[in-house]
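The following note sets out several points for a colleague who is examining the model. Please read each point beside the coordinates.

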Amino acid sequence: MSSEPAPLTLDRVADCVAFEIVGIDLAEPLFLKSGEKVWIALLTCANFPAIQLELVNPLTADSFLLSLRRFIVRRGRPRTIYNDNGTKFRCASNDLSKLDWDKITRETMTNTKLWKFIPPSAAWW
């Protein structure tokens, strides 16, 4: 019996710019001196050894979308976003799917992003 490695997905080997394909995860909460909880969104590039950290406070879909917006302003719009099946990610994806992406594309001349969820209870992609 031979064990051959599985082929990498096209997203992991395609020629692209940094942060065009992004993985997002939330770190465990941090506690401030005031006792307030804050979370850190880890945005990792799939093709280059690069990471960006964004503060998420409080842990709501709106605050996560604000952190994603800050990321897009700094790095540009990612073509593909991968993340786990966390409830905040599902809610943010539902909010983004309600937008009229055709209108946004026409007005901003940018491509829409593709949001992919990894299977539940699966290891990170």
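1. Salt bridges. The count of salt bridges in this predicted model comes to three. One of them joins R79 to E20, with the closest N and O atoms 2.9 Å apart. The two partners belong to distant parts of the chain, 59 residues apart: R79 is in the loop between α2 and β5, and E20 is in the loop between α1 and β1. R79 counts as partly exposed because its relative accessibility is 36%.

2. The bridges of E54. The side chain of E54 meets that of R70 in a salt bridge, at 2.8 Å from N to O. This pair also links distant parts of the chain, as E54 is in strand β4 (residues 51-56) and R70 is in helix α2, 16 residues apart. R74 forms a salt bridge with E54 as well, its closest N and O atoms being 2.4 Å apart. Since R74 lies in helix α2 and E54 in strand β4, this contact ties together parts that are 20 residues apart in sequence. Through shared partners, the salt bridges join E54, R70 and R74 into one network.

3. Is E54 buried or exposed? With a relative accessibility of 4%, E54 counts as buried. R70, at 32%, counts as partly exposed. R74 has a relative accessibility of 54% and therefore counts as exposed, the cut-off for that class being over 50%.

4. Overall layout. The protein has four helices and six strands. Along the sequence these elements follow the pattern α-β-β-β-β-α-β-α-α-β. Of the 125 residues in the protein, 28% are buried.

5. Pairing of β1. Strand β1 is joined to β3 by five bridges, and the two strands run antiparallel. Within this pairing, T44 of β3 is the bridge partner of G23. Strand β1 is also joined to strand β5 (residues 80-83), here by four bridges and in a parallel arrangement. The bridge partner of I24 in β5 is N83.

6. The nonpolar core. Which residues form the largest nonpolar core? Its twelve members are F19, V22, I24, W39, A41, L43, C45, V56, F64, L68, F71 and I81. Two or more residues of this core come from each of β1, β3 (37-45) and α2. The largest share, four residues, is given by β3.

7. The aromatic pair. A search of the whole structure finds one aromatic pair. The ring centres of F19 and F71 are 5.4 Å apart and the ring planes are at 75°, so the pair is edge-to-face; the cut-off for that class is over 60 degrees. Because F19 lies in the loop between α1 (10-13) and β1 (21-26) and F71 in helix α2 (residues 61-75), the pair ties together parts that are 52 residues apart in sequence. F19 counts as buried, with a relative accessibility of 4%. F71 is likewise buried, its relative accessible area being 0%.

8. Backbone features to inspect. What is the phi of F19? The value is near 65°, which is positive in a residue other than glycine. F19 is found in the loop between α1 and β1. The peptide bond from N57 to P58 is cis, with omega near -5°, and P58 is placed in the loop between β4 and α2. In general, most residues other than glycine have a negative phi, and most peptide bonds are trans. Please examine both sites in the model.

9. A surface patch. L8, L10 and V13 make a nonpolar surface patch of about 340 Å². V13 has its place in helix α1.

Notes. Residues numbered from 1 in each chain as written. Predicted model: local features only at pLDDT ≥ 70, side-chain atom pairs only at ≥ 80, totals over all residues. Heavy atoms only, no water. Phe/Tyr/Trp six-rings, centres within 6.5 Å; stacked < 30°, edge-to-face > 60°. Buried < 20%, exposed > 50% of the residue type's maximum accessible area, 1.4 Å probe, protein only. Core = buried A, V, L, I, M, F, W, Y, C linked by side-chain atoms within 4.5 Å. Patch = residues over 30% accessible without salt bridge, like charges linked within 9 Å, V, L, I, M, F, W, Y side chains within 5 Å. Areas by Shrake-Rupley, 256 points an atom, 1.4 Å probe, with all protein chains shown as cover. Salt bridge = Lys/Arg side-chain N within 4 Å of Asp/Glu carboxyl O. Pairing = 2+ DSSP bridges.
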